[in-house]
Amino acid sequence: MRWSTTTSSSTPFSQHTSPGIFHMPTFLTRHAGLTQQQALLSNSVALSVLVITTPYFGWLSERMGRKPLLLACCIGFARRSYPVFRIIVNGPWLPAIMAAQIIMNLFIARRA
């Protein structure tokens with residue numbers, strides 16, 4: 001019983017972030033023209049930023065409140081998703097793709 005409760009509480013987070021995080025190297029190789037090494041490097045750098053900034057945004061949500069931070073995250077995702085994916089698909093320029101992934105991972109870190 002305890003295991004299913006833990007699994008069900010983490011399912012919405014993992015379902016929302018999994019396509020953006022775990023499928024990104026495949027997306028980058030198929031649609032952005034990066035090599036596998038470049039795609040994995042870009043994803044690793046972006047995930048490192050996510051790991052580093054998540055505790056900061058957790059602290060910030062304790063100070064500001066969870067709802068305002070979650071609302072800011074949702075608005076950020078809604079306003080930035082299309083431009084970020086246009087940057088990624090427009091060409092295999094690794095620094096721009098890394099920056100785009102970092103931006104999206106910062107919105108994920110805010111939800112912590």
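Q: What makes the span of helix α5 agree with its number of residues?
A: The expected span of a helix is 1.5 Å times one less than its number of residues. For the 17 residues of α5 (residues 94-110) that should give 24 Å, and the end C-alpha atoms are 24 Å apart, so the two agree. Bear in mind that this is a predicted model, where local features need pLDDT of at least 70, side-chain atom pairs count only at pLDDT 80 or more, and totals for chains, interfaces and linings use all residues. Residues are numbered from 1 along each chain as its sequence is written, and side-chain values use heavy atoms, leaving out hydrogens and water.

Q: How many helices and strands does the chain have?
A: The chain has five helices and zero strands, where helices (H or I, at least four residues) and strands (E, at least two) are DSSP runs numbered from the N terminus. Along the sequence the pattern reads α-α-α-α-α.

Q: Why is Ser42 called buried?
A: Buried means under 20% relative accessible area, exposed over 50%, and partly exposed in between (1.4 Å probe, protein chains only). Ser42 has a relative accessible area of 0%, so it counts as buried. Ser42 sits in helix α3, and its partners, leaving aside residues up to four places away in sequence, are Leu28, Leu94, Ile97, Met98 and Gln101; touching here means heavy atoms within 4.5 Å. Among the buried residues of α5 are Leu94, Ile97, Met98 and Gln101. Across the chain, buried residues make up 31% of the 112 residues.

Q: Where is the kink in α3?
A: The kink is at Thr53, shortly before the proline Pro55, and amounts to about 35°. The bend at a residue is the angle between axes fitted to the seven residues ending there and the seven starting there. Helix α3 (residues 36-64) still reaches 40 Å from first C-alpha to last, close to the 42 Å expected.

Q: Why are α3 and α4 called oblique to each other?
A: Angles under 35 degrees count as roughly parallel, over 145 as roughly antiparallel, 65 to 115 as roughly perpendicular and the rest as oblique. α3 and helix α4 (residues 66-90) pack at about 125°, with their axes 6 Å apart, and are therefore oblique. Axes are lines fitted to C-alpha atoms, for helices over the stretch in contact, with angles running from 0 to 180 degrees between N-to-C directions. In this pair, Phe57, Leu60, Ser61, Glu62 and Met64 of α3 meet Arg66, Pro68 and Leu69 of α4.
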